[in-house]
Every structure is written in structure tokens, then in C-alpha cells.
Amino acid sequence: MTFALPNVPAMEVRDLLERDGPRAVALRLLTLHPVEITEALEPLDHDERLSVARALPVNIVAQLLLNADSEFRSGLLHRLSSANLAQVLDRMPVEHATQILEQLDDASQAEVLAAASPEDARQMENIRRCSPSSVGRLMVRLVPRIRGEMTVAETFRYVRRVAGDLETLNNLYVVDEGGTLLGVLALSELVVADPHARIADLMQTRVVMVTPETDQEEAAQLISRYNFLALPVVDGERRLLGIVTVDDLVDVLIQENTEDVLHLGAVSGGDDADADTSYWAGRITSAVKKRIGWLLLLFVAGSCTSQVLGFFHHELQELVTLSFFVPLLIGTGGNAGSQSVMTVVRGLAVGEIRPRDAGRVVLRETLTGLLLGILLGIIAFGGGWLVTRDIRMGAVLGTSVVAVCAWSTCVGALVPITARCFKVDPTVASAPFISTLVDATGLLIYFLVAKALLGI
């Protein structure tokens with residue numbers, strides 16, 4: 001059972017805004033959690049949201065921008081003045097402020113940076129120099145640094161003194177005089193330790209760490225594998241620069257999964273394939289750009305099916321009954337191949353399947369397809385016999401289903417693993433692509449079986 005604070009109905013917010021103005025709405029919303037404030041403002045139009053946002057404290061507006069979807073955020077960003085936006089960004093962690101800043105055009109970015117404090121502007125400029133997919137874009141710089149010779153009691157006094165300046169406090173990072181990372185100590189372990197014990201005797205010296213250049217997805221996989229709350233970020237000489245937290249890396253995994261789902265549906269992810277991008281925020285032209293490439297490719301690939309039908313047109317003229325079962329054959333093959341590719345892509349994504357397992361995976365999927373084909377082939381044999389009153393046609397249909405199922409699952413397993421071997425995203429081997437490929441080859445198998453068994 002879960003318990004949540006009651007939300008403010010959208011009609012109540014609008015009525016209160018029209019009756020008493022934005023200050024009254026702001027006072028009412030301050031009793032809510034920032035996430036609930038964002039939800040309460042979503043039904044309002046952009047100008048109404050702006051009027052309420054101006055009446056809210058700056059730190060709450062910062063939370064609004066962090067919690068809002070892209071449409072909501074974009075509306076606020078383009079209506080706040082550069083000076084107001086600089087104040088709002090100052091209340092955010094600098095890595096998040098940089099992400100918000102980059103959603104503006106170049107001229108607006110320059111105005112906001114000019115209005116920001118010199119220190120904030122310098123830090124945001126440094127982050128912007130990092131690769132968009134690197135850990136440096138997510139790195140939290142204000143982290144607790146302690147020395148190995150400190151006692152537990154001294155460390156607690158230090159933590160109490162600096163806690164207000166820190167962005168996160170789950171682990172303590174042990175460094176030497178030059179800032180080199182020596183070890184990590186969890187705050188939970190510090191709480192139960194002897195007050196007189198030395199940090200050097202308690203710390204974990206085997207540390208999993210990353211650099212600012214490490215890819216975000218690689219860091220996300222590391223933090224998931226070891227079940228950490230954060231990973232330390234170091235330079236080439238192992239000097240501690242900051243940390244990257246599980247919260248930020250979970251967002252990376254969500255975005256990667258979003259792109260993977262789009263790829264599996266034959267839609268290019270594009271720059272706006274973020275997890276918080278609203279369906280309504282995207283333009284129709286953007287949707288067309290993301291879909292047209294794959295549709296053109298599948299259109300061309302689909303012409304192979306027409307070529308196969310044209311090649312066997314004499315056989316179709318001699319025995320028109322063959323055409324009755326074409327949709328059944330290509331549909332069964334496409335579905336079996338799609339199931340296989342989805343299963344293998346998922347295994348590759350979670351690390352259960354590696355390129356060196358290619359042979360075992362292809363054999364396993366082919367055998368699975370063969371067994372499925374036998375089960376479906378028995379049904380197809382009976383159906384073909386009943387429809388055509390010809391046992392030979394039933395045999396053609398049943399044999400073809402077995403062969404097509406085995407072939408399509410083999411292809412569905414082989415293509416994504418091959419893509420991974422060539423450093424290509426396996427999800428690019430999308431289900432529609434596999435289906436189109438199997439359509440043409442499945443028809444070829446069907447007509448070759450028919451020629452062999454029927455002698456046409």
C-alpha cells in the first residue's frame with residue numbers, strides 16, 4: 001500500500017489564478033512537493049505557468065525546470081528573462097544547469113552566461129567542453145574528501161561542517177595531499193565504526209572508478225553491475241575530480257532504452273529522443289525525418305519480395321492455389337524472426353549474451369524455431385489439406401512453415417550479434433527490417449519447396 005499527498009485539482013488552480021491571481025496560487029502550491037507543483041501547473045497554458053512561476057521562490061522554479069517535461073520546460077525557458085534564468089540556474093547543481101542552458105539558442109546562452117556569476121559561468125563552460133555522451137557532463141564536483149589519518153570522530157565533525165555545501169552525501173572519498181584517490185568509505189559504515197578508529201583502516205581500497213571521458217552508458221552499466229550509489233571520477237593521474245551518481249545514470253539508461261525501442265520500431269532516435277520528451281512537443285517534420293529513412297530502406301528491401309513473386313510467376317499461373325498461402329507464410333516468418341531478434345537484443349543489452357556466444361545463440365534460436373515450425377507445420381499441413389483437398393499442398397505448406405520458422409529465427413539471432421561485432425547498435429537490426437528480409441527469403445523457400453514436391 002502506498003500513501004501520497006493529495007494533489008491540487010487542475011480546475012482549482014485555474015479558478016484560484018483567475019480569482020486571486022498568481023501569488024495566491026503560489027502560496028497554495030508551496031504546500032506541495034515540487035513534483036506535484038509541476039503536475040498542478042501542467043494543465044495551464046505557457047503564459048499562465050510563467051505568471052505563477054514568477055510568484056514562486058527561485059529554488060522552487062529550479063525544481064520546476066528539472067521535473068518538467070520538454071514542452072513545459074521549453075515554454076518557461078523562452079519566457080524567463082536572462083537575469084531571472086541565471087538566478088534559477090544558480091540554484092541547481094552545475095551539471096543540471098548546463099543541460100538546461102543548452103536547450104537555448106546560442107544568443108540566449110550567451111546572455112544567460114553574462115548574467116550568471118563568473119564562477120557559475122566558468123563551470124558551465126568547462127562542462128560544455130566535454131563530449132555530450134561523456135561522464136564529464138554528469139559529474140558532481142562538490143563531494144566529501146577526507147584524509148586517511150583522520151579518526152572517525154574527526155570525520156564526523158568535518159561532515160557536519162561541510163554537509164550544507166555538498167550535493168550528495170552517501171560515500172566519503174579518501175585522498176592524499178595531492179588529491180589522489182586512495183579509497184572510499186560508505187557513510188553507513190562510518191556510523192557504526194569506533195570513534196577512535198582511523199579512516200585508513202576502514203576504507204575500501206579496491207575502487208571502481210571512471211574518467212570524465214568515459215561513456216555515460218558504460219558508467220551506467222558499471223554502477224548497475226556493482227550496485228553502487230555513485231562512481232568516483234578521476235583524471236589520468238587518479239586525482240579525484242568528482243562523482244557520477246546512480247540517479248543521473250538511471251536517466252542515461254532510460255534514454256538509451258528509449259532510443260532502443262525507437263530503433264526496434266524502425267524509427268531513428270535523433271537528438272530529441274529523450275525520455276522526458278513529450279509526444280506533443282515534437283514537430284511533425286521532426287517525426288517525418290526520424291521515420292522516412294527506415295521506411296525508404298524497408299520500401300527498397302520490400303521490392304525483393306516482388307522480385308521473388310515475379311521470378312516464380314509461371315508456377316503461380318500453373319497452380320494459383322499457391323498464392324492463397326503467401327500471406328500466411330511471410331507473416332509467420334516475420335513474426336518468428338521478430339521474436340528472435342527481440343530476445344537476442346535484450347540478452348545483448350543486459351550482458352547475458354556476448355559476441356563469443358554467437359554460435360550457441362544461433363544454434364539455440366534455430367532449434368527453437370525448428371520446434372515451433374514443427375508445431376505450426378502440423379497445423380498448416382492440416383489446414384492446407386482441408387482448404388485445397390490436396391495432401392501434396394498440405395505437405396508443401398507444412399514443410400515450408402518448418403523451414404521458414406527455422407530460417408527466420410536463425411536470421412533474427414545472427415543479425416544483431418553481427419551488428420554488435422562490428423560496433424553497430426544491435427537495435428538497428430530492428431524487427432521491421434528482419435520481417436522484410438524474411439518475407440523475401442521465406443517466399444523463396446516456399447516456392448522451392450513447392451517445385452520440389454509438386455513438380456511444377
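In the lining of the second largest pocket of this predicted model, the largest share, 7 residues, comes from helix H14. Helix H14 spans residues 216-226, and the other elements that give two or more residues to this lining are helix H15, residues 246-264, and helix H19, residues 326-349. In total, 25 residues line the pocket, and Gln221, Leu348, Ala349, Val350 and Gly351 lie nearest its centre. The volume of the pocket is about 850 Å³. By class, its lining holds 10 nonpolar, 10 charged and 5 polar residues.

I turn now to a pair of strands. Strand E4, residues 230-234, pairs with E5 in the antiparallel sense, over 5 bridges. Pro232 has Ile243 of E5 as its bridge partner. In the hairpin of the two strands, 5 residues lie between them, and Arg238 takes a positive phi near 70°. Is strand E5 buried or exposed? Of its 6 residues, 240-245, 5 are buried, so E5 is largely enclosed by the rest of the structure.

Finally, the salt bridges. Side chains of opposite charge can pair when their charged atoms come close. The whole structure contains 14 salt bridges. One of them joins Glu237 and Arg239, with the closest N and O atoms 2.4 Å apart. Glu237 counts as exposed, at 54% relative accessibility, whereas Arg239 is partly exposed, at 33%. Glu352 forms a salt bridge with Arg346, where the corresponding distance is 2.6 Å; Arg346 is partly exposed at 47%. Arg147 is partly exposed at 28% relative accessibility, as is Glu149 at 48%.

Definitions and conventions
Residues are numbered from 1 along each chain as its sequence is written. This is a predicted model: local features need pLDDT of at least 70, side-chain atom pairs count only at pLDDT 80 or more; totals for chains, interfaces and linings use all residues. Side-chain values use heavy atoms; hydrogens and water are left out. On a 1 Å grid over the protein atoms alone, a cavity is a set of points where a 1.4 Å probe fits but cannot get out, and a pocket is an open set with protein on both sides within 12 Å along at least five of seven lines; lining residues have an atom within 4 Å of a point. Grid points are joined across faces, edges and corners, and a volume is the space filled by probe spheres set on the points. Helices (H or I, at least four residues) and strands (E, at least two) are DSSP runs, numbered from the N terminus. Ala, Val, Leu, Ile, Met, Phe, Trp, Tyr, Cys and Pro count as nonpolar, Asp, Glu, Lys and Arg as charged, and the others, Gly among them, as polar. Buried means under 20% relative accessible area, exposed over 50%, partly exposed in between (1.4 Å probe, protein chains only). Two strands pair if DSSP finds at least two bridges between them. A salt bridge is a side-chain nitrogen of Lys or Arg within 4 Å of a carboxyl oxygen of Asp or Glu.
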